[in-house]
Amino acid sequence: MGSLTGFRRFARMALGGALLLLATGVVGDSAVTEGSKAAGLETCVAPTAEIRRNHMDYLKHDRDATVRKGIRDTRFSLAECVQCHAERDSAGTYKPVNAEGQFCESCHSYVAVNLTCFQCHSKTPEGANGNSSAGVGGGAGELRALGLLPSVDRSLSLSRDELARLHAATHTTSRGN
Amino acid sequence: MSHNSDQPDLRRRDFIGKTVLAAGAASIAPGVMLTMANAGSDEGVSSKVRWGMLIDTNKCADGCSACVAACNQENGIDLIERPAGQSDAMWDAQRPQWVRKVKLKDNLTGEITNLPMMCQHCEHPPCVDVCPTGASFKRADGLVLVDRHTCIGCRYCMMACPYKARSFIHQDVASQRTGTPRGKGCVESCTLCVQRLDAGDQTTACQDACNREGHQAILFGDLKNPDSEIARALKAYHSRQIRADLELNTGVRYTNI
């Protein structure tokens with residue numbers, strides 16, 4: 001009997017350990033590439049979960065404001081996405097964000113969604129020779145959370161209700177447009 | 001009311017979030033907060049402004065194409081590569097050109113006139129009239145633009161334009177400039193350097209190039225502001241619209257033709 005309890009305890013611990021590993025795996029599973037400006041930033045223009053779910057709607061809404069009304073200071077901008085997420089190689093040249101393994105492509109190929117933005121839009125930030133101010137190296141090393149996904153040791157600042165409300169609100173907005 | 005089925009269950013996600021999510025005001029960089037606070041000005045461009053151009057054909061030099069080169073560079077037209085195996089004639093006929101140098105000769109007197117020809121940014125643009133999707137549109141500040149997101153490439157607007165100002169992109173484009181997206185299957189034309197205007201600049205690439213060459217044939221500005229240089233020049237000198245008979249009220253005017 002005693003050995004069975006021991007076995008159960010072991011099984012639970014193993015399960016717990018596996019879950020922990022899984023959770024850690026999720027933390028490390030960010031598409032943000034090292035060597036991009038985003039890798040040195042703590043968060044995107046909105047919480048990561050929100051951006052992941054809604055970025056297409058946000059961009060679609062704001063593109064009309066930009067093209068039709070000339071509003072260029074929108075909260076969401078494809079040019080800004082590229083600015084932050086384009087990775088630079090050791091020579092300082094930007095890699096296209098839709099190249100294999102890069103920020104946009106890695107998720108889009110995983111979920112099998114065509115990425116058509118870059119048929120027309122620039123895939124690299126302006127100043128492709130590496131003369132722009134995108135931070136590489138230096139500060140990127142300190143934040144091992146790899147940019148958008150915050151690390152485990154930080155406390156959760158958004159409550160569940162806040163998050164739900166935020167999500168519901170943005171969802172309604174995107175439908176409304 | 002429950003969430004839509006395509007939405008994630010946030011309560012469940014929050015459970016994982018105890019270990020994964022830590023986004024919040026404390027960890028958001030101050031710069032990002034600032035951006036969020038400032039973003040979303042709803043007004044956009046105003047119809048109190050109408051951008052226009054006055055071109056002095058006497059000053060437009062024969063053989064000079066600085067405006068065309070500057071336009072090509074500013075708007076990424078020079079990044080378009082010629083498709084493999086395309087003939088010279090086809091390439092010249094099909095490559096996009098936002099501004100062209102036109103040379104006129106009066107057969108009676110032999111007088112030669114040079115002028116740059118581009119989208120005339122009409123008040124009543126025929127291209128907008130014929131567009132079946134609403135992709136061709138006139139912005140509040142008078143710019144006639146193409147929304148590539150809705151352009152289906154039917155090219156009705158190219159047929160309708162009396163100035164032959166529009167181009168069609170026939171092939172895939174490998175690289176673009178950030179301010180001027182471009183892709184296969186859409187129509188495009190002069191935007192009066194909208195990316196500059198929206199950034200607060202009040203000159204166009206062609207005007208800058210013409211001034212650099214010392215010709216100063218192109219004057220750009222706000223037609224509705226009576227104190228602007230262009231409005232004063234229009235008041236002082238006789239200018240013409242090309243094809244004024246169409247009563248399109250063009251934003252680009254010419255003197256000495």
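**A walk through chain B**

Analyst: Let's start at one spot: B:Arg243 counts as partly exposed, because it has 13 C-beta neighbours inside 10 Å. A residue is buried with 20 or more other C-beta atoms within 10 Å of its own, exposed with 12 or fewer, and partly exposed in between, with C-beta atoms placed from the backbone. A word on the basis: this is a predicted model, where local features need pLDDT of at least 70, side-chain atom pairs count only at pLDDT 80 or more, and totals for chains, interfaces and linings use all residues. Residues are numbered from 1 along each chain as its sequence is written, while chains are lettered from A and ligands numbered from 1 in the order in which they are written.

User: Where is B:Arg243 found?

Analyst: B:Arg243 sits in the loop between β9 and β10 of chain B. Its phi is positive, about 55°, although it is not a glycine. As background, most residues other than glycine have a negative phi.

User: Which place does B:Glu247 have, and is it buried or exposed?

Analyst: B:Glu247 is also placed in the loop between β9 and β10 of chain B. B:Glu247 is exposed, because 11 other C-beta atoms lie within 10 Å. Phi of B:Glu247 is positive too, near 50°, and this residue is not a glycine.

User: Let's zoom out. How many helices and strands are there in chain B?

Analyst: Chain B has nine helices and 10 strands. These are DSSP runs, numbered from the N terminus: helices are H or I with at least four residues, strands are E with at least two. Of the 257 residues in chain B, 33% are buried.

User: What is the strand order in the open sheet of four strands?

Analyst: The order is β8-β1-β10-β9 in chain B, with mixed pairing. Two strands pair if DSSP finds at least two bridges between them. The edge strands are β8 (218–222) and β9 (239–240) of chain B, each pairing on one side only.

User: How do β1(B) and β8(B) run?

Analyst: β1(B) and β8(B) run antiparallel and are joined by five bridges. B:Ile55 has B:Ile218 in β8(B) as its bridge partner. As for β8(B), four of its five residues are buried.

User: And what about β9(B) and β10?

Analyst: β9(B) pairs with β10 (residues 252–255) of chain B in the antiparallel sense, over two bridges. There, B:Ser239 has B:Thr255 as its bridge partner.

User: Which helix lies across β1, β8, β9 and β10 of chain B?

Analyst: That is α9 (residues 229–236) of chain B, and α9 runs at about 115° to β8(B). Axes are lines fitted to C-alpha atoms, for helices over the stretch in contact, and angles run from 0 to 180 degrees between N-to-C directions. In the loop between β8 and α9 of chain B you'll find B:Ser228. B:Ser228 is partly exposed, because 18 other C-beta atoms lie within 10 Å.

User: You mentioned B:Ile55. Which residues is it in contact with, leaving aside neighbours within four places in sequence?

Analyst: B:Ile55 is in contact with B:Cys60, B:Leu115, B:Pro116, B:Ala217, B:Ile218, B:Val252 and B:Tyr254. Contact means that the C-beta atoms, placed from the backbone, lie within 7 Å.

User: Which residues touch the most other members of the largest nonpolar core?

Analyst: In that core of 46 residues, they are B:Ile55, B:Cys67, B:Cys71, B:Cys206 and B:Ile218. A nonpolar core is a set of buried Ala, Val, Leu, Ile, Met, Phe, Trp, Tyr and Cys residues joined through C-beta atoms within 7 Å. Another core, of 16 residues, lies apart from it and includes A:Ala31 and A:Leu41.

User: Changing topic: how do α3(B) and α8(B) cross?

Analyst: Their axes come within 8 Å and cross at roughly 140°. The two helices are therefore oblique to each other; angles under 35 degrees count as roughly parallel, over 145 as roughly antiparallel, 65 to 115 as roughly perpendicular and the rest as oblique. B:Cys67 and B:Cys71 are among the α3(B) residues that meet α8(B), where B:Cys206 is one of the residues they face.

User: What do the buried residues of α3(B) pack against?

Analyst: They pack against β2, β3, α8 and β8 of chain B. After α3(B) comes B:Gly76, with a positive phi near 70°.

Notes
Contact = placed C-beta atoms within 7 Å.
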